[in-house]
Amino acid sequence: MFDQIFGLPAHPLIVHVAVVLTPLLAVLVIAYAALPLLRLSRLRHRLDWAVVLSALAAPVAVFAARESGEAFGDRLFQGNMPAPVVEHESLAGPLTLLTVGLAVAALLLVRFTRPRPDGPAAGPAVVAVSAVAVVFALAVGYYVVRLGHSGATAVWGG
C-alpha cells in the first residue's frame, strides 16, 4: 500500500506532506500557547480549526511517510541498507511518537481553552498542557530537521 503511487516510489511523494504538516502543527501550537503571553487570548478561537485539523493530519502524514520509507528501503536495498539509510530510518520512530504526543497535547489545549458554560477554562490545566505542548512542538521541530537532513544525506551524500 505504501510502496508506489502510479508507478512512482511513494516515499518521496508522501514525505513532503509530513514535512509541511508536522512543522505547521508545531508552529500553530506554539502560537496558540503563546497568545495569552502576548495578551492576545481573544485570537485563540481563530486558530482552533487549524490546530485541530493539523493535529489530526500530521500524525497520519508522519505514519504514512514512515511506512512508505520502510517499503522504499525494502524495495531498494532488500535488507542490505547502507548506514546513512539506517540512521535516517532510526529517527522515524521517535518522530512518530513525538508527533502523536504533540497532537494529543494540541487537542487537549484546544479543549481546555474553549469557553465553558459553567465559567472560564481551568487555568492551571491550560498552563500545564501549554507547557507540555510547547516542549513537544520543540522536540518535533528538532526531529523533523534531523530526519530531513539525514534523509537528504542518505540520498545526496555529503
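Predicted model: local features only at pLDDT ≥ 70, side-chain atom pairs only at ≥ 80, totals over all residues.

The dialogue below takes up the fold, then the pockets, the salt bridges and a surface patch.

User: How many helices and strands does the protein chain have, and in what pattern do they follow one another?

Analyst: Helices (H or I, at least four residues) and strands (E, at least two) are DSSP runs, numbered from the N terminus. Here the protein chain has five helices and two strands, and along the sequence they follow the pattern β-β-α-α-α-α-α. The C-alpha trace spans about 60 × 30 × 20 Å along its principal axes. As for burial, the term buried means under 20% relative accessible area, exposed means over 50%, and partly exposed covers what lies in between, with a 1.4 Å probe and protein chains only; by that rule 35% of the 158 residues count as buried.

User: How is a pocket defined, and what is the volume of the largest pocket?

Analyst: A pocket is found on a 1 Å grid over the protein atoms alone, as an open set of points where a 1.4 Å probe fits, with protein on both sides within 12 Å along at least five of seven lines, and its lining residues have an atom within 4 Å of a point. Grid points are joined across faces, edges and corners, and the volume is the space filled by probe spheres set on the points. The largest pocket has a volume of about 780 Å³. It is lined by 30 residues, of which H11, V15, H88, L147 and G151 are the closest to its centre. Two or more lining residues come from each of α1 (10-34), α2 (44-77), α3 (83-90), α4 (92-113) and α5 (123-156), and α2 gives the most, with nine residues.

User: Which residues are closest to the centre of the second largest pocket?

Analyst: The second largest pocket holds about 150 Å³ of space, and of the 10 residues that line it, S41, R44, H45, T113 and P115 are the closest to its centre. The largest share of this lining, three residues, comes from α2, and the lining as a whole divides into three nonpolar, three polar and four charged residues.

User: What counts as a salt bridge, and how many does the structure hold?

Analyst: A salt bridge is a side-chain nitrogen of Lys or Arg within 4 Å of a carboxyl oxygen of Asp or Glu, and the structure holds three of them. In one, D3 pairs with R75, their closest N and O atoms being 2.6 Å apart. Because D3 lies in the segment before β1 (4-5) and R75 in helix α2, this pair ties together parts that are 72 residues apart in sequence. Another joins the side chains of R114 and D48 at 2.2 Å, N to O, and links R114 in the loop between α4 and α5 to D48 in helix α2, 66 residues away. E70 and R66 also form a salt bridge, at 3.7 Å between the closest N and O atoms, and both lie in helix α2, four residues apart, which is about one turn of the helix.

User: Which residues form the nonpolar patch on the surface?

Analyst: Patches are made of residues with over 30% relative accessible area and no salt bridge, like charges being joined within 9 Å and nonpolar side chains (Val, Leu, Ile, Met, Phe, Trp, Tyr) within 5 Å; accessible areas come from the Shrake-Rupley method with a 1.4 Å probe, and for residues only the protein chains shown count as cover. Here I5, F6, L8 and L13 form the patch, with about 440 Å² of accessible area together. Of these, L13 is found in helix α1 and counts as partly exposed, at 41% relative accessibility.

Notes. Residues numbered from 1 in each chain as written. Heavy atoms only, no water. Nonpolar A, V, L, I, M, F, W, Y, C, P; charged D, E, K, R; others polar.
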